[in-house]
Amino acid sequence: MTQARWFGPLLFTALVTALLFLILPVVAIFVDTGPGELLATLDDPAAVDALTLSLWTSALAVAIIVVVGTPAAYLLATRSFRGRSVVITLIELPLVLPPAVAGIGLLAALGPNGLIGDSLDDAGVRVVLTTASVVLALTFVAAPFYLRQAEAAFSALDRTWLEASRTLGAGEATTFAQVAIPAALPGLIAGLALAWGRALGEFGATLMFAGSFRGVTQTVPLAIYERFATDFTAALGLSAVLVAVSAAILLTVKLATHASPARVLAPR
Amino acid sequence: MTRPSRRCLVLLGATLVAACGADEEPASSGGSASKPVVVSAATSLKKALAAYGEQFEGGTVRLSFAGSDELAAQIRQGIKPDVFAAANTELPDALFAEGLVDKPVSFTTNELVLAVPEQGGTVDSVDDLGAEGTTLAIGAEGVPVGDYTRTVLDRLPAAQSKAILANVRSNEPDVGGVVGKLTQGAVDAGFVYRSDVEGAGGRLRPIELPDRLKPTVEYGVALVKRAPNPAGGRAFVTGLLDGAGARALSDNGFGSPPGR
Amino acid sequence: MSSLRVEAATDLGPIRLELDLTVAAGRCLAVVGASGAGKSSTLRIAAGLLRPRAGRVVCGDATWLDTERGINRRPEERRCGYVFQDYALFPHRRAWQNVAYALRDRPREHREAEARGWLSRFGLDAVADARPATLSGGERQRVALARALARRPDVLLLDEPLSALDATTRAGAERELAEVLAQTEIPVVLVTHDFTQAALIGDEVAVIDSGRLVQRGSASELAARPATAFVADFTGAVILRGTAAPAGDGTTEVTLAGGDRIRSTDTVQGPVAATVFPWEITVEPAGAWAGAPRSAQNRLDAEILSVTTIGGRVRLGLTGAERLTAEVSTTAVAHLDLRPGTAVAATWKAAATRLIAV
């Protein structure tokens, strides 16, 4: 009886503490920024540039991740092959890499003196300090988030659905498109939201690999960092905008899944 | 919301963001097991101060490097290192005017140079910087090395300065970032300190700027008010002005303090 | 119409599967056995969902699998209708859309109408637009069956199609399934662990034990002359068909096809299958009993057709107005001198008689 009496409140306290800790910085941003400052931020062309750049580079990165990652995750989830667990660990590796290490890695691979970047550079293709390099950095750091979720979503599928589809005359590709993906959709969308959030927030790898230049490579996190030292108010404003945009994306994605998983797919 | 609690919240956010950019190097030494001396210093001082810290007799030195403007912002938010060493005098003077530090002292000078990769550079002088296809990296506005660079560009004819700015590919938050882009081979040229070129182990070649363009690069140091270890801070600054610190600075390519 | 032949030799974990089964067109072979014996694997091999180490699957003139000649047609290339144990209805598609999935070789405009037609045939008009999650077990089973048949397959494979249903629903479903299968002209293989179900629905029953076919024949043959103890254990009930009506004293009287009447304590009416386990039937020499039959006891006259000894038990095949199987001890056989041709009376309790509506 005594154990029961403190365990409940302990759980509750843990949750409240965690919640407060996580919410506090976010709330602080909005408390410090009045709506007037928020709007003023949107008037600043550099801030708007950063926001536009962040939005479309992250969207492009996510698009690449989904297009390449979905079939990859499906293969991982539905086939067993030698070295499968090794492959899974390799894919999850960037997840535990600090962004700075990710930046170094990208440079070591694609930088002008890098493994592949060297030959590219000789051929006249310089990858770094371009918008393309921003997309590359975002893709690298955000991909594992999607792949993990997608693999889990496909693994959770009832195999008999896929088998039934085959016995009904549908080949592997059709089964993938018309049974696997629709059935796994909520998990896939959750992964997409996670990956997009991660991509929007990426800072370290972008700074090292892509540099920071307005309109080309200065994403919102980099813009915030630039303003933080000299104009804290502007930094707050931009932070608030990013939080609002990220929350909007998360919300839209959640609503899309909950509203009706079926309406997302048109009946044949 | 009241001022103290507002600052408290902002401090939390600031610390989180600043943690990304700043990096810490504990430099230990012989000496008493007393409180450590915490020093916030400009990135360009990294090698010199690390060497000094190892020889420092007055206790353990904890060094924190970042762009000087970022360090100043931290101090404004209430973070209290014992010593603040910046790559210009404007930032320490501003903090002094705000009552956050004691009167600053200039402790060394440096030279802004145009740096290019040692091997295969396409740039030989400032005149080449405006050429089509040349790429360069400079410090962001507000960062000392960035402000010095912009001073140089202001002293050039408007057309030339405009052409050069058009070739900038990255505005780095500290001089370490500019050096990094240069050593990677990501840009053709960059404005850094002479001490950085010396510290790059032969990978960079400095191009001296013409006298009329050279900005005065003077580093200021100040003791932060109400810091935890004022005695240790004072000892550190003394050595910096005339002792193991001064020697470390000159060993690493810094100039002597003005007026000495 | 063509028959199906499945030959397979492969390892399934600790068991080695070795089978050779043929099912003629229009016939239903019920495959029974314990879990893990290899029954479902046999279906999966036929459908192409499992590749055996060695084997052949031939449907009519089409060779679907021949490991020796390197032929292995993919599942979508074989025309199998497959009903899974948990039905495997696509959760994101409505009932009619599930059926429509099978109609991919029809022009798109016709699919919906044809799919709805199939559901109609199974009495599922009301739920045609529902999603599988909202359907009852019995409805899901019917949708799965409709979906499998909609493809107009050359072979129908049913993997424990009624196991997922609760007992009440199952009874009706068994009846329906038997009717549907009676109308199909393709070979059907039904896998089940329930011998009574196999006996009711299948034209023939095959018993699989540890990966091998142990015995094949009609349900009564298997019950009367089990080849092994396993078959004896498995083939429990004797099945008698008749019509049931209340007897007035709380019990039910069943008028059997052969004219005899028996009693049961189950309360079911109408056409029924009455089942009794062989070990509940006692055999006495004819004439040993005199007097009016009591309502608690059933009694039928019969003649011993066969005496089969398995271990310490003896199965007696009895024939008379009905075919019965009794299981007695070797001592009883010796004591009563039971041999083929002996006239006997078979008795069992009314309470031991189970009734299944058919």
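On a 1 Å grid over the protein atoms alone, a cavity is a set of points where a 1.4 Å probe fits but cannot get out, and a pocket is an open set with protein on both sides within 12 Å along at least five of seven lines; lining residues have an atom within 4 Å of a point. Grid points are joined across faces, edges and corners, and a volume is the space filled by probe spheres set on the points.

The model is predicted: local features need pLDDT of at least 70, side-chain atom pairs count only at pLDDT 80 or more, and totals for chains, interfaces and linings use all residues. Residues are numbered from 1 along each chain as its sequence is written, chains are lettered from A and ligands numbered from 1 in the order in which they are written, and side-chain values use heavy atoms, with hydrogens and water left out.

**Exercise 1.** Describe the second largest cavity and its lining.

Step 1. The volume of the second largest cavity is about 100 Å³.

Step 2. Its lining includes C:S220, C:E221, C:L305, C:G317 and C:R323.

Step 3. In chain C, α7 (219–224), β17 (297–310), β18 (313–320) and β19 (323–329) each supply at least two lining residues. Here helices (H or I, at least four residues) and strands (E, at least two) are DSSP runs, numbered from the N terminus.

Step 4. The lining divides into 4 nonpolar, 4 polar and 3 charged residues. Ala, Val, Leu, Ile, Met, Phe, Trp, Tyr, Cys and Pro count as nonpolar, Asp, Glu, Lys and Arg as charged, and the others, Gly among them, as polar.

**Exercise 2.** Which element gives the most to the lining of the largest cavity?

Step 1. The structure holds 5 cavities of 30 Å³ or more, and the largest has a volume of about 120 Å³.

Step 2. Of its 15 lining residues, A:Y225, A:E226, B:A140, B:V143 and B:P173 lie nearest the centre.

Step 3. At least two residues each come from α11 (220–230) of chain A and from α3 (68–76) and β8 (168–172) of chain B. The element that gives the most is α11(A), with 4 residues.

**Exercise 3.** Characterise the second largest pocket.

Step 1. This pocket has a volume of about 1,000 Å³.

Step 2. It is lined by 39 residues, and B:T43, B:K46, B:D174, B:G176 and B:G177 are the closest to its centre.

Step 3. Chain A contributes α5 (99–110) and α10 (204–210), while the chain B elements include α1 (3–21) and α2 (46–55). The largest share, 7 residues, is from α7(B).

Step 4. By class the lining has 17 nonpolar, 13 polar and 9 charged residues.
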